Amino acid sequence: MGAEVVIEGLTKSFGRQTIWRDVTLTLPPGEVSAMLGPSGTGKSVFLKSMIGLLKPDKGRCVINGVDIVTCSEHKLYEIRKLFGVLFQDGALFGSMNLYDNVAFPLREHTKKSESEIRRIVGEKLEMTGLAGADKKLPGEISGGMRKRAGLARALVLDPQIILVDEPDSGLDPVRTAYISQLLIDLNTQIDATILIVSHNINLARTVPDNLGMLFRKELVMFGPREVLLTSDEPVVEQFLNGRKRGPIGMSEEKDTATMAREEAEAAAGHSDGSPDEDIRGVVPQMQPSPGLPERAGARRRMDRVMRILHTLPANAQEGIIESLTPEEQRHYNVHANPRYAPQNPAPQNRPGLDDTQQIPRISDRGPVPNQHQGQLPADQVARIPGGAGEGAQPRPGGGYFGGGGNGPGGA
Ligand SMILES: Nc1ncnc2c1ncn2[C@@H]1O[C@H](COP(=O)(O)OP(=O)(O)OP(=O)(O)O)[C@@H](O)[C@H]1O
Ligand SMILES: [Mg+2]
C-alpha cells in the first residue's frame with residue numbers, strides 16, 4: 001500500500017510574498033486525493049514542496065517517518081524515489097524519444113540491466129496506452145500523449161506516492177475522461193497514494209476519495225469528497241459550480257463591494273453566463289474499469305469515513321449514507337431515512353475490531369459542526385485520521401503514524 005503523507009503547519013513564501021501558510025492535512029495511504037484552487041494559489045508550489053524541490057519556510061511533511069523539510073540531502077534523495085511526479089508541463093526531454101524519456105528515472109536511480117528496463121518501460125507504455133509510440137519524440141505527439149508519457153515516466157520506479165499536476169490541462173473532455181479512468185485504474189492496480197491537482201470540476205467531483213481547496217493563501221478545507229461536494233462554503237460552492245459570482249475573481253479575490261454589486265445585478269435579472277443549476281451534491285464516484293478487482297483504497301476509505309462520520313457536517317453525512325448500498329448501510333448500521341437513525345439501538349460488533357475501532361454509533365454523534373460559517377474546525381476535516389482506531393482526534397505534534405491497519409478492508 002502507498003505511503004501516508006502527513007503535512008503539518010506547512011508555510012511557503014518567495015521573498016515577502018507568502019504563497020500559503022499553515023497547511024495541515026494528511027493524505028491517507030493508498031487513497032486518491034485532489035487539491036483544487038484558483039489559478040495562482042500555489043498548487044504547483046505545494047506539489048513541489050512535497051518532494052523537496054522547493055523548501056518550505058516552516059512546518060513538516062512527514063513520509064515514512066522522515067520529515068522532508070528538515071532531513072539531509074541524502075535522505076531526501078532516498079525519499080524522492082518513493083514519488084512519481086507528473087509535472088504540469090509534462091517536463092519531457094525534447095531531444096529524447098518516449099522510450100528514453102520513460103527509461104530515464106530507471107537509468108538515473110537504479111542499476112537495472114537494459115533488458116529489465118525494456119520490460120518495465122514496455123509495461124508502463126502499455127498501461128498508459130502508448131505501446132508502439134516509443135520511438136516518437138515529444139514534439140511529434142499530441143498534448144494528450146505527452147501527458148500520458150509523463151505519467152508513464154512517473155510510474156517506472158513503482159512509486160508509493162503519485163503526484164499529478166493538472167493531468168487534464170489541454171485535453172479534450174473525452175481524453176480527460178480517459179486519463180481520469182487511468183488514474184483510478186492505477187490506484188486499483190498499484191494501491192499508491194495519489195494527489196491530483198486540477199481545475200476540472202468533473203474530475204474533481206468523480207475521481208478523488210478526498211478533496212481539498214487552497215484559497216487566500218490557506219487551505220480552506222480538506223476532507224472526504226462528500227464534505228466539499230455538499231459544502232456551503234462560498235469559495236467551494238463558487239468553484240464547484242464554475243460561477244463568476246462569488247469570492248473568487250479574475251486575478252485577486254474580490255472585495256465585498258464588488259460581491260454585493262454582483263448579487264444586486266443577479267437579483268435584477270442580469271445573466272453573467274454562469275450556470276443556473278447548482279451541481280453540488282454527492283455524485284457517484286468513478287469505478288475501476290470492468291475486469292479489475294475492487295479498489296482496496298475505496299474500501300479502506302469507506303471504513304475510515306464511517307469511523308469519523310459523526311464528526312462531519314450534516315449534509316456530508318447525509319450524502320455519504322445515501323450513497324451506500326442497502327447492504328453497506330446494514331454493515332455500517334446506518335439508515336438513510338429517517339435522517340441518520342441507526343437501524344438497531346445497539347450497533348452489532350464488527351468481527352475483528354476492538355472497541356475503539358468500532359464505527360461510532362450515529363445516535364452517539366456529537367453536535368454536527370456548522371459548515372456555513374466557513375472553515376470547518378481543523379481537527380474535524382483538515383486532518384484525516386489514517387490509522388485504525390484513531391477516531392477523529394487530531395494527530396499529536398511529533399509522531400508519525402504508519403499506514404496500514406486501516407480497518408478490515410486494509411490489505
Ligand atoms: N520559483 C518561484 N519563484 C518565485 N515565485 C514563484 C515561483 N514559483 C511559483 N511562484 C509564484 O507562486 C504563486 C503560485 O504559483 P503556482 O504555480 O503554484 O500556482 P498554481 O496554483 O499552480 O496555478 P495554476 O493553476 O495556474 O497552475 C504564483 O504567484 C507564482 O508566481
Ligand atoms: Mg499549477
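Mentor: Two strands pair if DSSP finds at least two bridges between them. Helices (H or I, at least four residues) and strands (E, at least two) are DSSP runs, numbered from the N terminus. In this structure, strand 9 pairs with strand 10 (residues 218–224) in the antiparallel sense, over six bridges.

Trainee: How are the residues and chains labelled, and what kind of model is this?

Mentor: Residues are numbered from 1 along each chain as its sequence is written, while chains are lettered from A and ligands numbered from 1 in the order in which they are written. The model is predicted, so local features need pLDDT of at least 70 and side-chain atom pairs count only at pLDDT 80 or more, whereas totals for chains, interfaces and linings use all residues.

Trainee: What is the mean pLDDT of the chain?

Mentor: pLDDT is the predictor's confidence in each residue, from 0 to 100. The mean for this chain is 80, and 81% of its residues reach 70 or more. Over residues 338–411 the value stays under 50.

Trainee: How many helices and strands does the chain have?

Mentor: The chain has 14 helices and ten strands.

Trainee: What is the order of the strands in the open sheet of six?

Mentor: The order is 6-7-8-3-9-10, and the pairing is mixed. Strand 6 (83–86) and strand 10 are at the edges with a single partner strand each, so one side of each has no neighbour in the sheet. Direction ignored, neighbouring strands of this sheet are turned by 15 degrees against each other on average. That angle is taken between axes, which are lines fitted to C-alpha atoms, for helices over the stretch in contact; angles run from 0 to 180 degrees between N-to-C directions.

Trainee: Which strands does strand 3 run parallel to?

Mentor: Strand 3 (residues 32–36) is joined to strand 9 by four bridges, and the two run parallel. Here Met35 has Gly212 as its bridge partner. Strand 3 also runs parallel to strand 8 (residues 193–197), again with four bridges. In that pair, Ala34 stands opposite Ile196.

Trainee: Is strand 9 buried or exposed?

Mentor: A residue is buried if 20 or more other C-beta atoms lie within 10 Å of its own, exposed if 12 or fewer, and partly exposed in between, with C-beta atoms placed from the backbone. In strand 9 (residues 210–215), six of the six residues are buried, so the strand is largely enclosed by the rest of the structure. In a regular strand the side chains alternate between the two faces of the sheet. In strand 9 both faces are covered: Asn210, Gly212 and Leu214 are buried on one side, and Leu211, Met213 and Phe215 on the other. Of the chain's 411 residues, 41% count as buried.

Trainee: What do strand 9 and strand 10 form?

Mentor: They form a hairpin with two residues between the strands, and Arg216 in the turn has a positive phi of about 50 degrees. Within the pairing, Leu214 stands opposite Leu219.

Trainee: What is the order of the open sheet of four strands?

Mentor: The order is 2-1-4-5, with antiparallel pairing. Strand 2 (17–27) and strand 5 (66–67) stand at the edges, each with a single partner strand, so one side of each is left without a neighbour in the sheet. Strand 1 (residues 5–14) is joined to strand 2 by seven bridges, and the bridge partner of Ile7 in strand 2 is Leu25. Helix 1 lies across strand 1, strand 2 and strand 4 (58–63), at about 120 degrees to strand 1.

Trainee: Which residues does Leu27 touch?

Mentor: Two residues are in contact if their C-beta atoms, placed from the backbone, lie within 7 Å. Leu27 is in strand 2, and it touches Glu4, Val5, Ser33, Thr193 and Leu195, leaving out residues up to four places away in sequence. Leu27 counts as buried because it has 27 C-beta neighbours inside 10 Å.

Trainee: Which residues are around ligand 1?

Mentor: A residue is near a molecule or strand if its C-beta atom, placed from the backbone, lies within 6 Å of it. Around ligand 1 the residues include Phe14, Gly37, Lys43, Ser44 and Gln88. Helix 1 (residues 43–50) gives the largest share of this shell, three residues.
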